[in-house]
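Work through the exercises below with the sequence and the model open. Try each task before reading its solution.

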Amino acid sequence: MWMVSPPADEGCHQLAWLWDHGKGIFQYTKKLFLSKQVGRAQALESVRKNAANALSMANLIMGLSSILCSLNRHYQHSCWLLLGGFLLDLADGAVARQLNACSALGAKMDDFADFTSFGLATALLLQTQGVLDGLLAIAYVLAVFARLCFFSSEIPFTYRGLPCPYASSLLVSIFLLTGGNVMLLRVAAIVMILFMVDRGFYPHDKVLESQLWKKVIYAGGILAVLLLPTTVTSIYYLAWSASYIFSPFAIWSCKA
């Protein structure tokens, strides 16, 4: 009985078929792995570019929430939100510079967040009840607006005029310490307006990019908001903001 053997080239075709499919699977796996690496790199780059913007957006949300709280007469909650915005504002600039992610859009977003939190939301703490009170609140908001938009400094590491976050922090501290004493708040607001519209120079504090003791103060501010009683927290932020407002170069001058 004759046996018919398969053609010799049939085995070669099968081997070639397996090789081609194996090569295709390898190429697909390689492309998938590389695409994942590219996607991860793009995601990390997006995080780097938008980290500071996210902090500015968080500050803006804090300010809007503070406005809603004040409109509903929940001034204590409004104060805590403004302190959180103060900490976020000190952080976003440092993050942008450290990650080399400064941009015109980020600067505009930061200014708008500052105007919302430290202008509009802070002015509502004055609890306006009449025409004169309303005019004071408007003057405070306009002082913040002028400070943010028109007081540029050509000298490195300096501001022209008092940075509005420190004025807000001082008013919040007074509000919490005095239980919202309207007379003291209005006197303090007038003083802060004068400091903000004055074109005197203030050092760029760079709290998170400077000496260790400044970073410790910032960390203490976080712990105070999260853990310490209201009175202690208020005194802490009052001393912090007042030291910068009234003795800027003696204490906070930054050469880094």
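**Exercise 1.** In which helix is the place of Leu132? Then classify Leu132 as buried or exposed.

*Solution.* This is a predicted model, where local features need pLDDT of at least 70, side-chain atom pairs count only at pLDDT 80 or more, and totals for chains, interfaces and linings use all residues. Residues are numbered from 1 along each chain as its sequence is written, and side-chain values use heavy atoms, with hydrogens and water left out.

Step 1. Leu132 sits in helix H4, residues 131-149. Helices (H or I, at least four residues) and strands (E, at least two) are DSSP runs, numbered from the N terminus.

Step 2. The relative accessible area of Leu132 is 69%. Buried means under 20%, exposed over 50%, and partly exposed in between (1.4 Å probe, protein chains only). Leu132 is therefore exposed.

**Exercise 2.** Which residues form a nonpolar patch on the surface with Leu132?

*Solution.* The patch holds Val131, Leu132, Leu135, Ile138, Leu142, Phe145 and Phe150. Together they have about 760 Å² of accessible area. Areas come from the Shrake-Rupley method with a 1.4 Å probe. Patch members have over 30% relative accessible area and no salt bridge, and nonpolar side chains (Val, Leu, Ile, Met, Phe, Trp, Tyr) are joined within 5 Å. A salt bridge is a side-chain nitrogen of Lys or Arg within 4 Å of a carboxyl oxygen of Asp or Glu.

**Exercise 3.** How many residues of H2 are buried? Compare its span with the expected one.

*Solution.*
Step 1. H2 covers residues 75-98, 24 residues in total. Of these, 17 are buried.

Step 2. From first C-alpha to last, H2 reaches 35 Å, close to the 34 Å expected at 1.5 Å a residue. The expected span is 1.5 Å times one less than the number of residues.

Step 3. Just after H2, Asn100 takes a positive phi of about 55°.

**Exercise 4.** Which residues touch the most other members of the largest nonpolar core?

*Solution.* They are Phe86, Tyr140, Leu162, Tyr166, Met196 and Trp240, in a core of 48 residues. H5 gives the largest share, 9 residues. Such a core is a set of buried Ala, Val, Leu, Ile, Met, Phe, Trp, Tyr and Cys residues joined through side-chain atoms within 4.5 Å.

**Exercise 5.** Where is Ile235 found, and how far apart in space are Ile235 and Leu170?

*Solution.* Ile235 is found in helix H8. Its relative accessibility is 49%, so Ile235 counts as partly exposed. Ile235 and Leu170 are 65 residues apart in sequence, and 9.7 Å apart C-alpha to C-alpha.

Terms used:
Patch = residues over 30% accessible without salt bridge, like charges linked within 9 Å, V, L, I, M, F, W, Y side chains within 5 Å.
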